[in-house]
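Trainee: I would like to learn how to read helix packing in a model. Where do we start?

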Amino acid sequence: MWRSIASNFLTLAIVLLIGAAGVVAWGQRQFTQPGPLSQAVCLRVEQGSSLRRVSDDLEAQGAITSGYVFRVGADYTERADQLKFGSYLITPNASMTEIVDAITKGGQSTCGTEINYRIGVLVAEVLVRELDPETNRYVEVAKFDPATTAAPEAYVDIAESADVRFRVTLAEGATSWQVVEALKRAEFLQGELGDVPPEGSLAPDSYEVTRGTARQTVLDEMARRQAAALEELWASRVDGLPYDTPEEALIMASLIEKETGVAAERRRVASVFVNRLRQGMRLQTDPAVIYGITNGQGALGRGLRQSELRRETPFNTYVIDALPPSPIANPGRESIAAALDPEESDYLYFVADGTGGHAFGRTLDEHNQNVARWREIERQQGEQVVPQTVQPAEAPPAD
């Protein structure tokens, strides 16, 4: 009798184990195989949301077949507690594991309605846009400059929606004063700001925020990212640079940032400045002179006068023999990288070439030919030729 009971129990245990293995295998297939979604949807993960709520939303939108399998799979892969708030585009046939990856790895939102406050060199503007999940393209809803224009009705309506997301985007080359002034006008942020941060200390980047985020919090994050980027890139700098500290490298990066908007030119522009420093030549870069006049508080709005190029100021690189005393803008990561790993070249000069880039020269004769070509381009375009440089005999201009 006992032998029969033991045999039956063993048989049952084997059946249960086989059944359990089958359930596990089925669950694994459900978690990794293409999902049932036929049309892209936008999934909103609220701040503080739970995995159950997210799985319920996914199941309701037809993106997954089982909320339970989704939660178990996320728990099994140790990502159940790593939800990142935001809006995420769930593409057709996305698997559960792909969805878990999207909502837990962090990064920028990829869909939904977005209000992007873009702080640029000349203007700060609010751009309202919405991603169409079907076409995966953003559609512009409204755009305005809060410094000069009242918020349009479309913005007001959308800004109060619960599912809208906010972003602050800082462009390369804006000054710290411009950033502070722009943040003061961001109505979706709150709180006062302290002193203007040191020039160059803010990272041009995109920052996702929520309504009511403190302005100082945004500014502090900008400073944290810039400090981290500078520390990382300084550690991998090339040998033999003519500056000894990260702070000096940041000054150089800001000059590069203001001299060229062409990514492929950054390291070459850096090489010109480095070569001139090594040879004891003055940098003679107009953006530094302009910063000495405006203090970074807006654009000059005209050409430089010869008297300004001769005036002795800490930022007049036609007069001083070294780098200016501080950065002249907030440089991006690529300009910092260029300052710390310039191209190997023997160029000493550059001038605009009419295409948005620059023509580079090794000798003064080459440079003068490039300048003549630029003057001819200006003449053909019907523009008034404004002297870009004053040429002291001992140190012709870089730009």
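Predicted model: local features only at pLDDT ≥ 70, side-chain atom pairs only at ≥ 80, totals over all residues.

Trainee: How do the axes of α3 and α4 cross?

Mentor: Two packed helices are described by the angle between their axes and the distance between the axes. Helices here are DSSP runs (H or I, at least four residues), numbered from the N terminus. Axes are lines fitted to C-alpha atoms, for helices over the stretch in contact, with angles from 0 to 180 degrees between N-to-C directions. For α3 (residues 67-76) and α4 (residues 96-104), the axes come within 10 Å and cross at roughly 60 degrees. The two are therefore oblique to each other (under 35 degrees is roughly parallel, over 145 roughly antiparallel, 65 to 115 roughly perpendicular, the rest oblique).

Trainee: Which residues of α3 and α4 meet?

Mentor: Contact means heavy atoms within 4.5 Å. From α3, Val69, Phe70 and Ala74 meet Met96, Ile99, Val100 and Ile103 of α4.

Trainee: What about α7 and α8?

Mentor: The axes of α7 (residues 215-235) and α8 (residues 246-259) come within 11 Å and cross at roughly 105 degrees. That makes α7 roughly perpendicular to α8. Gln226, Leu230 and Trp234 in α7 meet Pro246, Ala249 and Leu250 in α8.

Note on methods
Residues numbered from 1 in each chain as written. Heavy atoms only, no water.
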